[in-house]
Amino acid sequence: MTDRKAQLAENLARVEERIASACAAAGRAREEVTLIVVTKTYPASDVRILHELGVRHVAENRDQDAAPKAAECSDLSLTWHFVGQLQTNKVRSVAGYADVVQSVDRARLVTALSAAAVREGRELGCLIQVALDAESGERGDRGGVAPDGIEELAAAVESAPGLRLGGLMTVAPLAGPYAGRQRAAFDRLMEFSSRLRGNHPAANMVSAGMSADLEDAVAAGATHVRIGTAVLGVRPGLG
Ligand SMILES: *Cc1c(COP(=O)(O)O)cnc(C)c1O
């Protein structure tokens with residue numbers, strides 16, 4: 001085993017243990033939570049190693065980095081999640097490799113994603129990104145629709161050709177009433193998820209929790225956790 005593979009295996013084992021303990025503490029089955037490894041800023045060779053180690057879901061947040069990485073790994077059976085703020089001029093590229101776009105936060109993006117999915121002949125899973133601290137009609141600093149905009153976007157995704165409404169995603173706010181209160185933030189997201197499932201029963205994905213707060217997310221009921229640093233190491237520079 002290379003040093004890098006041994007390192008990633010050790011990190012993955014530690015994260016797996018954290019998820020398993022959090023599930024046990026919450027009385028949830030381990031299979032209810034899917035690990036997505038966020039590979040942003042790390043090379044395709046790491047994605048390949050992660051696949052060898054059993055990882056099947058990876059996430060990226062910048063199309064410029066993700067597109068070549070996904071192309072280099074196209075022989076691997078992986079589900080690619082796009083989790084970054086997405087400009088409409090990148091949508092065509094993203095629709096070529098992403099299986100799930102977790103950062104859907106405005107109607108124009110829905111229209112663009114739908115057109116691109118149809119053109120590529122692919123079905124794209126879509127999660128509505130919720131900015132828990134955004135005021136009505138506004139978007140969050142790191143993307144996301146204000147809570148009162150969820151249903152309108154969900155309806156738009158559901159009626160858009162080529163798109164499948166998967167559920168909700170959030171990033172715990174750094175500022176505002178939820179700052180430092182991840183559990184409260186994720187509980188709030190779960191309330192929005194319950195409401196959403198009332199109208200869209202199949203939209204049962206809840207993507208929440210990162211390296212620092214995956215336990216809170218699992219306790220609240222997240223179905224997908226997005227883990228970068230705890231698996232790959234501290235990212236050099238911004239990302
Ligand atoms: C980078 C990123 C993550 C992973 O964060 P870590 O703290 O490194 O685990 C999760 N979600 C999104 C949207 C990200 O951009």
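Which residues of strand 5 are buried on one side and which on the other? This predicted model counts local features at pLDDT of at least 70 and side-chain atom pairs only at pLDDT 80 or more, whereas totals for chains, interfaces and linings use all residues. Residues are numbered from 1 along each chain as its sequence is written, and side-chain values use heavy atoms, with hydrogens and water left out.

**View 1. Strand 5 is covered on both faces.** Helices (H or I, at least four residues) and strands (E, at least two) are DSSP runs, numbered from the N terminus. Buried means under 20% relative accessible area, exposed over 50%, and partly exposed in between, with a 1.4 Å probe and protein chains only. On one side of strand 5, the buried residues are L124, C126, I128 and V130; on the other they are G125, L127 and Q129. Seven of the seven residues of this strand (residues 124-130) are buried, so strand 5 is largely enclosed by the rest of the structure. In a regular strand the side chains alternate between the two faces of the sheet.

**View 2. Strand 5 runs parallel to strand 4 and to strand 6.** Two strands pair if DSSP finds at least two bridges between them. Strand 4 is joined to strand 5 by three bridges, and V100 has G125 as its bridge partner in strand 5. Seven bridges link strand 5 with strand 6; here L127 is partnered by G167 of strand 6. Right-handed β-α-β units are formed by strand 4, helix 5 (residues 107-120) and strand 5, and by strand 5, helix 6 (residues 150-158) and strand 6. A crossover is right-handed if, with the strands pointing away from the viewer, the path from the first strand over the helix to the second runs clockwise.

**View 3. Strand 3 pairs in the parallel sense with strand 2 and with strand 4.** Four bridges connect strand 2 (residues 57-60) to strand 3 (residues 79-82), and H57 is placed opposite T79 in strand 3. Between strand 3 and strand 4 (residues 100-104) there are two bridges, with H81 opposite V100 in strand 4.

**View 4. The largest nonpolar core has 70 residues.** A nonpolar core is a set of buried Ala, Val, Leu, Ile, Met, Phe, Trp, Tyr and Cys residues joined through side-chain atoms within 4.5 Å. L113, L163 and V225 have the most contacts inside this core. Contact means heavy atoms within 4.5 Å. Apart from neighbours within four places in sequence, L163 is in contact with V110, L113, S114, A117, L124, C126 and V157. A second, separate core of nine residues includes I36, V38, A59 and M205. In soluble globular proteins, nonpolar side chains tend to be buried together.

**View 5. Eleven residues surround the ligand.** A residue is near a molecule or strand if one of its heavy atoms lies within 4 Å of it. The closest to the ligand are K40, S211, G228, T229 and R235. From an oxygen atom of the ligand, a polar side-chain atom lies 2.6 Å away in K40, 2.5 Å away in S211 and 2.8 Å away in R235.

**View 6. R28 lies in the loop between helix 1 and strand 1.** R28 has a relative accessible area of 15% and is therefore buried. A polar contact is a pair of N or O atoms within 3.5 Å; within protein, one must be able to donate a hydrogen and the other to accept it, and residues adjacent in sequence count only if both atoms are side-chain atoms. The side chains of R28 and E32 make such a contact at 3.0 Å. A polar atom of the R28 side chain also lies 2.9 Å from the backbone oxygen of A222.

**View 7. E191 lies in helix 7.** At 41% relative accessibility, E191 counts as partly exposed. Its side chain is joined to that of R188 by a polar contact of 2.5 Å. The C-alpha atoms of E191 and V83 are separated by 22 Å, and the two residues are 108 residues apart along the chain.
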